[in-house]
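Hi,

Here is the model I promised to pass on.

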Amino acid sequence: VLMFYGYGSQQIKKYKTSPDAFAQLAIQLAYYKTFGYCRGTYESTQTRAFLHGRTEVTRSVNVDSDAFCKAMTTGALSHTSKQLHQLLVKATQTHVAYIGQASRAQGCDRHLLGLKLLLREGEHAAIFDDAAYKRSGHWAISTSGLVGENMDGWGFGEVVPDGIGIGYSVQNNRIRYSVTSRHKWAKRMTANLERALLEMQALCEANTEQPRAKL
């Protein structure tokens, strides 16, 4: 468990960034620091705008999050602080856009699940045997966030044998991550989460224009 007291949602909003997107990007950077690459990441997104709506998947890994992670690690020496911050902002904006699509039921995962469940006994669809489809549903990182100042102790297990489960809560002045794995990755991942949050804070502090005092 990581109880990070360096800052929380109030400060992240001053960076003009979504707290959830910021927390998710920290997960991506921490995983990249731990393993050297990004893998399929599941974020549960509510579709409560619809009658009986439940969830859709926000796929947290995208071209922009991958570019940020690479720039912060293997490409750090070839990027200025301003460039890294721009990549951070772009990655979080892309994540927010994906969450919006998922919450409007415009994601792909529930649609594909519905099609799969419609198959009758003896019927077959080649897409569900495709290697890309199978890989896309192997959630190496399964995440879910809960909002609330009193969310102090919760979590869940990984959903695949080689995976990590991460429950998190971005509170006003702290961020809580609960990291689980049947391997020893949880300790390394938790340590890298703290490093990622501190590095992202430094970028935002150095490059975010502070609001001017009102006269």
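This is a predicted model: local features need pLDDT of at least 70, side-chain atom pairs count only at pLDDT 80 or more; totals for chains, interfaces and linings use all residues.

Let's start with helix 3, residues 63–72. Its buried residues are Asp 64, Ser 65, Phe 68, Cys 69, Ala 71 and Met 72, where buried means under 20% relative accessible area, exposed means over 50% and partly exposed is in between (1.4 Å probe, protein chains only). These residues sit on the same side of helix 3, because they cover an arc of only 165° around the axis; that arc is taken from the directions from the helix axis to the C-beta atoms. They pack against helix 2 (19–35), helix 4 (81–103) and helix 7 (185–207), with contact meaning heavy atoms within 4.5 Å.

Residues are numbered from 1 along each chain as its sequence is written, and side-chain values use heavy atoms, with hydrogens and water left out. Helices (H or I, at least four residues) and strands (E, at least two) are DSSP runs, numbered from the N terminus.

Now the core. The largest nonpolar core has 40 residues, and Phe 22, Phe 68, Tyr 177 and Leu 197 touch the most other members. Strand 1 (2–4), helix 2, helix 3, helix 4, strand 5 (164–170), strand 6 (175–180) and helix 7 each supply at least two residues of this core. By a nonpolar core I mean a set of buried Ala, Val, Leu, Ile, Met, Phe, Trp, Tyr and Cys residues joined through side-chain atoms within 4.5 Å. Which residues does Leu 197 touch, not counting those up to four places away in sequence? They are Leu 2, Phe 4, Tyr 7, Phe 22, Ala 26, Ile 175 and Tyr 177.

Thr 190 is in helix 7 and is buried, at 14% relative accessible area. Leaving aside neighbours within four places in sequence, Thr 190 is in contact with Val 1, Leu 2 and Val 179.

On to the charges. The whole structure has six salt bridges, each being a side-chain nitrogen of Lys or Arg within 4 Å of a carboxyl oxygen of Asp or Glu. One of them joins Lys 33 and Glu 199, with the closest N and O atoms 3.0 Å apart. That pair links distant parts of the chain, with Lys 33 in helix 2 and Glu 199 in helix 7, 166 residues apart. Lys 33 is partly exposed at 26% relative accessible area, and Glu 199 is partly exposed at 29%.

Arg 59 and Asp 109 form a salt bridge too, at 2.8 Å from N to O. Here Arg 59 is in strand 3 (residues 55–59) and Asp 109 in helix 5 (residues 109–118), 50 residues apart. Arg 59 is partly exposed, at 25%, whereas Asp 109 counts as buried, at 15%.

Then there are the rings. The count comes to 11 aromatic pairs: rings of Phe, Tyr and Trp (its six-membered ring) pair if their centres lie within 6.5 Å, and planes under 30 degrees apart count as stacked, over 60 as edge-to-face and the rest as tilted. Phe 4 and Tyr 7 are edge-to-face, because their ring centres are 5.1 Å apart and their planes are at 80°. Both Phe 4 and Tyr 7 are buried. Tyr 168 and Tyr 177 make a tilted pair, 6.1 Å centre to centre with 35° between the planes. Tyr 168 is buried at 2% relative accessible area, and Tyr 177 is buried at 0%. Ring pairs also link Phe 4, Tyr 7, Tyr 15 and Phe 22 into a cluster.

Finally, a loop residue: Asn 173 lies between strand 5 and strand 6. Asn 173 and Tyr 5 are 168 residues apart in sequence and 6.5 Å apart in space, C-alpha to C-alpha.

Cheers
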